[in-house]
Amino acid sequence: MKQKLFRSLLLLTGACVCLVALLFFWFGYHYITTDSYDSLRREATLLLEADPDGRITVKQLHRVQLTDRVTLLGPDGTALFDNYVDAGGMENHLQRPEVQQALAQGEGVASRFSGTLGENILYYAVLLPDGNILRLARTNDMIFQHANILLGYLLLILLFVFGGAFVAARSITKRVLRPLEQLDLEEADPQTVVYPELQPIVERFSQQQQKLLQEMRRYKNKKQELKAVSNNMDEGVLFLDTEWNVVSINKSAVRFWGRDKQELLGKKILELIDTEEMRRLLEEMELAGKGRLVVNRGSTYYQFNGSRIADKGFVLLLMDVSERTASEKLRREFSANVSHELKTPLQSVLGYSEIMLSGLVKPEDTKRFLQKIYDEARNLLHLIDDVIKLSKLDELNHDMLEEFSLATTAESSLLRLHDKAAKMQVELSLDNKLRSNGMLLGIQSLLEEVFFNLLDNGIKYNHAGGSVAVRLEETENKYVVSVADTGMGIDAAELPHIFERFYRVDRSRHKAIEGTGLGLSIVKHGVIFHKGTVRVNSTVGQGTEFILKFPKKLSY
C-alpha cells in the first residue's frame, strides 16, 4: 500500500508537470508563429508604402535588402523575382495555398516544407494593385531556436519539480500511513482511531476477530474429539487430499501397514498399495464419489470403503471383514458346488429311471440299469459329502485327511466319464509313468473332483474324434499331472480369469455347453489345499493342457 500510494502521488505530480510543459510549448509555438506572420505582413506593408502607387517592380526589389525571402509572382503564378534563387528556374506558384488565398481575399498565409530551400517555411502573400502577387517567406527555425533556449531552463525546472515531488510524495505517504502502520487490529479501540473513516472498518474487524477466535476454539475442540474417536476405532481411517496424498491416518490404519505413522503421512495411496483393484477403487471414487474394495492378506480380508469429501479430498474406511467374508465364502461354495456337482449324477439317475419307466428296457438289462442307478446314487451321496467337506476346507479338519493313490484317483475319474466321452466321440487315455502308486496325503474325493472337472471340461469343449490324455509323472520331490485335450482352446486374454468363480470362456461360442463356471475354481481350490500348483498352456483351435504339481510329502 505504501509503495502504491507513493507511486500514485509521484506519477500524478509528473503527469501535471509534463502537461504544463506541453501546454507551454504549444502556446509558445502558436505565439511565435503568429508573431512571424505579423512580422512578414509589416515588411510587405513597408514595401508597398515605398511606392506611391502601391506597385512593386523587379528593379525596386533588387534594391531592397531583406533577410526574409521575397518573391514576386505574375497574375498567372510565374515567378518574376526571387532574392534567394533564380526566378527563371522556379516552377509555377499559382496553385500554392497562400497565392490562391491572396487572389481570393487579398492576402494569404501558409506553412509547409519547401522543396526549393529544403526547410519548413512560413509564407505570406499579398495581391498588388497591378495584379502581381508579392510573397514573403521566413523559415520557422526561430521557433526551435527559442525552444532550444527555453528547453534547458525547462528541464532544470522539471528536475527541481520532480525532486520536490519525490520528497513530498514520500513525506505525505509516511504521514498518511504512519497511523495505519501503528494500528494494532487485535487491540484497537474503534473510538481512538486516528482517521474517523476507518472506525466502521475497525469495528467490523473487531467483531470478525471475536467470531474467528470462537470458531478456532470450537474447531480445536472438534479436532481433538475427532482425533480421540478415530484413534480408538477398530476401523482404520485415512484422509486423502485431491492428489491422493495421505494427510491424516489413525492408529488402526497404521497397524494395517505396520509402519511408522510419519512414514505414511504425505505418501500417495498408490505408493502404499499399488494394485489394479485399488486403481479401480480410486477411479470409482473420482467419478461416482464412492467405491468399495476387498483385499486379502493371508487368511484375513479387509474392506476399503471410499467416499469423496466435496472438493476437499477423499476418506477411506478400512475394516476387517474376515468373518463376514469367510461366512459368505462358505455359503457360496456350498450352494455353487451343490448346484454344479450334483447335476451329472442326478441326470444319470433320472435318465435310467425314465428309460425303465417307459418299458423300453429288456428284462435281461434291468439289473444292469438298476446297478447304474445304484452306482450314480452312491456317487451322489459321496458328492454331497464331499461338497460339505469342501465348504469346510478352511477349518482344516485333520479327521478328513487320508492317504490315497494318485493313480487310482485318476483312474476313478476316467471311469466315471467313460460313457460321456464315448457319447461325445472323445477318446480318454491314461499314461501312468509313476514308479509307485503315487501315495498322497489329503482328501481323495476332493482331488477326484479336480480330475473330474478337468476331464469333464476336456470332453465338453472338444470335438468328435478328439482326445483327452492324462499323464502321471514324478520327480524327486513332486508328482506332476498333465491333463491335455485337443479341444477349442482358450484365448490368451481369458487365461488369467478362467479360475474365477462362475467364469466361462467366451459365452457366445459355448452357449450350448452346460456348465456354471465353478469347475475350474474347484480345481484351483483343491490343488491349493493339497499344497500344489496349477499352470495352463492353451492355443485357440488346438487344445489346452493343465499341468498340476503336488509335493510328495505334505505337512498341514
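Start by selecting Gln-425, in the loop between helix H14 (418–423) and strand E12 (427–432). Helices (H or I, at least four residues) and strands (E, at least two) are DSSP runs, numbered from the N terminus. Gln-425 is not a glycine, yet its phi is positive, about 60 degrees. Most residues other than glycine have a negative phi. Gln-425 is also exposed, with a relative accessible area of 53%. Exposed means over 50% relative accessible area, buried under 20%, and partly exposed in between (1.4 Å probe, protein chains only).

**Before moving on**

This is a predicted model: local features need pLDDT of at least 70, side-chain atom pairs count only at pLDDT 80 or more, and totals for chains, interfaces and linings use all residues. Residues are numbered from 1 along each chain as its sequence is written, and side-chain values use heavy atoms, with hydrogens and water left out.

**The whole chain**

Zoom out. The protein chain has 16 helices and 17 strands. Of its 556 residues, 37% count as buried. Its accessible surface comes to about 33300 Å², and 55% of that belongs to carbon and sulfur atoms. Accessible areas come from the Shrake-Rupley method with a 1.4 Å probe; for residues, only the protein chains shown count as cover. Now consider contacts, meaning heavy atoms within 4.5 Å. Among contacts between residues at least 6 apart in sequence, 55% join residues at least 24 apart.

Select Trp-244, in the loop between strand E6 (236–240) and strand E7 (246–249). Trp-244 is not a glycine either, and its phi is positive, about 70 degrees. Here the residue is buried, at 17% relative accessibility.

**Helix H16**

Go to residues 519–529, helix H16. Of its 11 residues, 9 are buried, so the helix is largely enclosed by the rest of the structure. Among the buried ones are Leu-520, Ile-522, Val-523, His-525 and Phe-529. Pick Ser-521, also in helix H16. Ser-521 is buried, with a relative accessible area of 8%. After H16 comes Lys-531, whose phi is positive, near 60 degrees.

**Helix H12**

Next, select Leu-380 in helix H12 (residues 363–391). Leu-380 is buried, at 15% relative accessible area. Show Pro-345 with it. These residues are 35 apart along the chain, and their C-alpha atoms are separated by 5.8 Å.

**Salt bridges**

Side chains of opposite charge can pair when their charged atoms come close. A salt bridge is a side-chain nitrogen of Lys or Arg within 4 Å of a carboxyl oxygen of Asp or Glu. By this rule the count comes to 21.

Select Glu-98 and Arg-112. Their side chains meet in a salt bridge at 2.7 Å, N to O. Glu-98 lies in helix H3 (residues 97–105) and Arg-112 in strand E3 (residues 107–114), so the pair ties together parts 14 residues apart in sequence. Glu-98 is buried, with a relative accessible area of 0%.

Move to Glu-448 and Arg-416, a salt bridge of 3.4 Å, N to O. This pair links distant parts of the chain, 32 residues apart: Glu-448 is in helix H15 (residues 444–460) and Arg-416 in helix H13 (residues 406–416). Glu-448 is buried at 14% relative accessibility, whereas Arg-416 is partly exposed at 26%.

Now take Arg-471 and Glu-473, whose side chains meet at 3.3 Å, N to O. Arg-471 is partly exposed, at 29%. Glu-473 is partly exposed too, at 28%.

**Surface patches**

Finish on the surface. Patches are made of residues with over 30% relative accessible area and no salt bridge: like charges are joined within 9 Å, nonpolar side chains (Val, Leu, Ile, Met, Phe, Trp, Tyr) within 5 Å.

Select Leu-19, Leu-23, Trp-26 and Phe-27. They form a nonpolar patch with about 440 Å² of accessible area together. Trp-26 lies in helix H1 (residues 2–49) and is partly exposed, at 48%.

For the last stop, select Glu-276, Glu-277, Glu-283 and Glu-284, which gather in a patch of negative charge. Lys and Arg count as positive and Asp and Glu as negative; His and the chain ends are not counted. The place of a charge is taken as NZ of Lys, CZ of Arg, CG of Asp or CD of Glu. Glu-284 is in helix H9 (residues 276–288) and counts as partly exposed, at 39% relative accessibility.
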